[in-house]
Structures are given as structure tokens and as C-alpha cells.
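Please bring the model up on your screens, and we'll walk through it together.

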Amino acid sequence: MGTDQIGATISSAKKNAAYDSLPDKLRQRISGLTLKHDATYNSGGYLRQGMAQVDDPTTSVGVYHPLVMQHPETGQRALYLGRRRNAYVGGLSRAESEALLDELWQYATRDELTWHNQWQAGDLVLWDNRCTMHRRDAFDPSFGRILHRTQIKGAAPPSA
């Protein structure tokens with residue numbers, strides 16, 4: 001199996017692992033909850049043009065999505081956490097929301113559930129945004145990097 005196939009295999013095997021590994025009591029606790037995905041900052045953590053800096057997630061601009069979503073094709077459940085900064089679990093106090101999100105992020109970012117690509121020339125990485133969290137690590141800026149983003153038209157917003 002080539003390195004390109006290894007990445008695909010690992011990603012496919014782990015995509016729902018964070019949700020699947022939650023204790024039953026925690027899964028029941030988060031069932032039906034919604035999470036505000038903050039729109040104040042972009043994916044690089046920079047303030048979006050026209051936005052005012054907000055440090056209180058209860059008042060930040062954003063859209064609520066199910067905290068646990070069902071994949072529209074596989075039917076499997078997955079955590080839908082989005083970015084951590086200014087995330088807020090609707091209906092909870094700020095302290096309760098922060099504590100719950102801290103607990104969920106501890107599960108979702110465990111070493112055994114993450115994959116780090118060791119970039120090589122010619123690598124191609126694809127993932128399903130609906131059930132995979134992702135970020136890039138720092139890389140040597142002297143190396144060329146080409147990034148193309150593709151979306152599939154017609155996909156519905158995440159549902160519980």
C-alpha cells in the first residue's frame with residue numbers, strides 16, 4: 001500500500017472515532033445540544049473584515065449547529081465541534097459550556113485519534129469536512145505548496 005493509500009485508510013478509520021469513544025453518559029449529555037460556530041474570526045484566527053473583536057462567545061456572531069451530527073450518507077454520528085475559539089454550547093452557562101467543550105476536545109484530539117501528514121512532494125490529502133476536524137501544522141516556507149479547495153454543491157447543513 002502506498003503512502004497516499006495509507007492516509008486515506010487512516011482517515012477513514014478514524015473519522016467517527018472521537019464520538020464513538022465517548023462514554024455513554026457523555027453521549028447522552030450532548031445529545032440534542034447545539035454549538036455556536038463563531039464567525040468573528042477566520043480559520044487563521046484573524047478578525048474577519050467588518051467584524052468587531054468579541055471575547056464573549058455568548059454574544060459573538062455565529063450559527064448554531066448540532067453538536068452531534070449524523071453523516072448524510074453513512075448515517076454515522078460524529079462530533080461537529082468547529083473551531084474552539086468563541087465556540088459556545090447553547091442553553092448552558094458560559095462556565096458549563098467551556099467545561100463541556102474542554103472535555104469534548106480532550107476526547108477529539110487524543111493522539112490515537114489524530115493523523116499528522118509528513119508532507120512529501122506530490123502528496124494529495126482529501127477529507128470529509130462533515131466528520132473530520134483538520135488544521136495544518138507549520139511547514140518550511142521555502143518549500144512550494146499548492147492548495148485547492150473543492151466543495152460539493154447541494155449538500156445540506158449538518159443535522160442531528
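Let's start at Ser-97, which touches Ala-87, Tyr-88, Val-89 and Leu-92, leaving aside residues up to four places away in sequence. Keep in mind that we're looking at a predicted model. Is Ser-97 buried or exposed? Its relative accessible area is 0%, so Ser-97 is buried. Now, what does its side chain reach? The side chain of Ser-97 comes to 2.8 Å from the backbone nitrogen of Val-89.

Ser-97 belongs to helix H4, residues 94-108, so let's look at that helix next. H4 has 15 residues and reaches 21 Å from its first C-alpha to its last, close to the 21 Å expected at 1.5 Å a residue. Which of its residues are buried? They are Ser-97, Leu-100, Leu-101, Leu-104, Trp-105, Tyr-107 and Ala-108. If you look down the axis of H4, these buried residues fall within an arc of 150 degrees, so they line one face of the helix. Here's a handy bit of background: an α-helix has 3.6 residues a turn, so residues three or four places apart point the same way. On the face of H4 turned away from the buried side, you'll find the exposed residues Ala-95 and Gln-106. And what covers the buried residues? The cover includes H2, H3, S1, strand S4 (77-79) and S5.

That takes us to the largest nonpolar core. It has 21 residues, and the ones touching the most other members are Leu-22, Ile-30, Leu-79, Leu-81 and Leu-104. Helix H2 (17-20), helix H3 (24-30) and H4 each supply at least two residues of this core, and H4 gives the most, with 6 residues.

Three strands form an open sheet in the order S2-S1-S5, with antiparallel pairing. Strand S2 (62-66) and strand S5 (88-89) are the edge strands, each pairing on one side only. Strand S1 (residues 34-38) pairs with S2 over 5 bridges in the antiparallel sense. To see one of these partners, find His-37, whose bridge partner in S2 is Val-63.

One last stop: Asp-128, in the segment after H4. Its relative accessibility is 19%, and the cut-off for buried is under 20%, so Asp-128 counts as buried. Its side chain makes a polar contact with the side chain of His-71, at 2.7 Å.

Methods
Residues numbered from 1 in each chain as written. Predicted model: local features only at pLDDT ≥ 70, side-chain atom pairs only at ≥ 80, totals over all residues. Heavy atoms only, no water. Helix = DSSP H or I, 4+ residues; strand = E, 2+ residues; numbered from the N terminus. Buried < 20%, exposed > 50% of the residue type's maximum accessible area, 1.4 Å probe, protein only. Polar contact = N/O pair within 3.5 Å; in protein donor to acceptor, adjacent residues only side chain to side chain. Contact = heavy atoms within 4.5 Å. Core = buried A, V, L, I, M, F, W, Y, C linked by side-chain atoms within 4.5 Å. Pairing = 2+ DSSP bridges. Expected span 1.5 Å × (residues − 1). Arc of directions from axis to C-beta.
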